[in-house]
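Subject: Structure handover

Hi there,

Here is the structure I promised to pass on to you. Have a look at it first, and then read on for what I found in it.

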Amino acid sequence: MVTSTTVPFSAPNKKDRVARRGRPEIVGIVEASVWRRRGHSDACENFDPNGEDAFVHNNLEKRDDIPHWNTCPRWFELASSLKRCLLHRITYMQSQYYWSEIASVCAECGSDLLKNVLGAKYLVNKDDVKGLLIPYPEEAECVQVTVGVGNDTFAEQRLKEYVKNVKFYGVDPILQSGEPYKKMGDYYQLAVASKPGQLNASVLINGHYTWQMVEAITLEELLVNRLKLPMIDFLFLDIEGAEYKVLPQLSSTGTLANKTVICQINVELHGPLPDYGMDAFMFSRVIKSLIFQSNYLPLWVPKPTSHHRFFLIDWKSPECVQKYFTHWC
């Protein structure tokens, strides 16, 4: 079981903090008090700070809910203010607008601003772009897991250029699609789904996607029992529709809770929704489970095409705060 209060914090010195934060005028924009005003007025329409909706209030972490808040108060203030805005906005969104509007809501609440201030990098592969935060210190040991290689390791190669000390693990049910990952690290011919057993999956064969029955294991079985990873820095998740049932496992009540820590997740949410057994209401439930009931916040959600792409960060776990956000303590 992963404990969440045992990691000692060691904040960078002043010189390192200034170097990682960037220009002074940008730093001023995201001071906690200014951020709070952005989130509560410009981005959250009809928000009354003196009459906050009870549902939002009850789902927002307070200082007392995070035992290590005082170890990095400014970071937790920034992140919780972003979450407050997101909670308020999506609470009042009708489900049919989630697919088209969630990217705009995240941007209006300040996700993109926080991403830029944190110095996020972009990892471009054949048909996708992923987000990345550099660890502190930069030579820290890291773990990367790709679920759904898809015959494309360009993003992993670019990750290796930014972060030198990385152990790579990749899984894909089709040998032809997964074999290129062997040049990066360990490859396993597996599929991942919400339940173990046979899965009718969309798989890449000879450059074309087709539906095929494959043997699948759960994400918990992969990460906890097979790979035995107590902490993962970078998870790339592209599992052709199975993500809709796998992502809720990352919630505070999901099967992965307290079993492993995942600091950064890049996930592709596939559409059109009916092609993957989903509808607007079901999609809204998945988004709510991520934002309301997990440690994750969206740091970047580009405008959707036929698919959605989310760059998520664990903003609460001490291990992730220590490694990626202490320059804001």
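Below are my notes, going from the whole protein to one strand and its surroundings.

Please keep in mind that this is a predicted model. The protein contains 13 helices and 12 strands. Of its 329 residues, 56% are buried. Among contacts with a separation of 6 or more, 71% are between residues 24 or more positions apart.

Which residues lie on each of its sides? Cys142, Gln144 and Thr146 are on one side, while Val143, Val145 and Val147 are on the other, and all of them are buried.

Strand 3 has parallel neighbours. It is joined by six bridges to strand 4 (residues 166-171), which runs parallel to it. Within that pairing, threonine 146 has glycine 170 as its bridge partner. To get from strand 3 to strand 4, the chain passes through helix 8 (residues 154-162), and this β-α-β crossover is right-handed. Four bridges link strand 3 to strand 9 (residues 231-237), also in parallel. There, threonine 146 stands opposite phenylalanine 236.

Helix 8 deserves a look of its own. Its buried residues include Ala155, Glu156 and Leu159. Viewed down the helix axis, the buried residues of helix 8 fall within an arc of 95°, so they line one face of the helix. Their cover includes strand 3, strand 4 and strand 9, as well as strand 1 (121-124) and strand 2 (129-132).

Finally, the nonpolar core. The largest one has 95 residues, and those with the most contacts inside it are Trp75, Leu133, Val145, Val147, Leu222 and Tyr244. Helix 5 (residues 73-91) gives this core its largest share, nine residues. What does valine 147 touch, leaving aside residues up to four places away in sequence? The list is Val171, Val192, Leu219, Leu222, Leu235, Phe236, Leu237, Asp238 and Ile239. In soluble globular proteins, nonpolar side chains tend to be buried together.

Best wishes

Key:
Residues numbered from 1 in each chain as written. Predicted model: local features only at pLDDT ≥ 70, side-chain atom pairs only at ≥ 80, totals over all residues. Heavy atoms only, no water. Buried < 20%, exposed > 50% of the residue type's maximum accessible area, 1.4 Å probe, protein only. Helix = DSSP H or I, 4+ residues; strand = E, 2+ residues; numbered from the N terminus. Pairing = 2+ DSSP bridges. Right-handed = clockwise from strand over helix to strand, strands pointing away. Core = buried A, V, L, I, M, F, W, Y, C linked by side-chain atoms within 4.5 Å. Contact = heavy atoms within 4.5 Å. Arc of directions from axis to C-beta.
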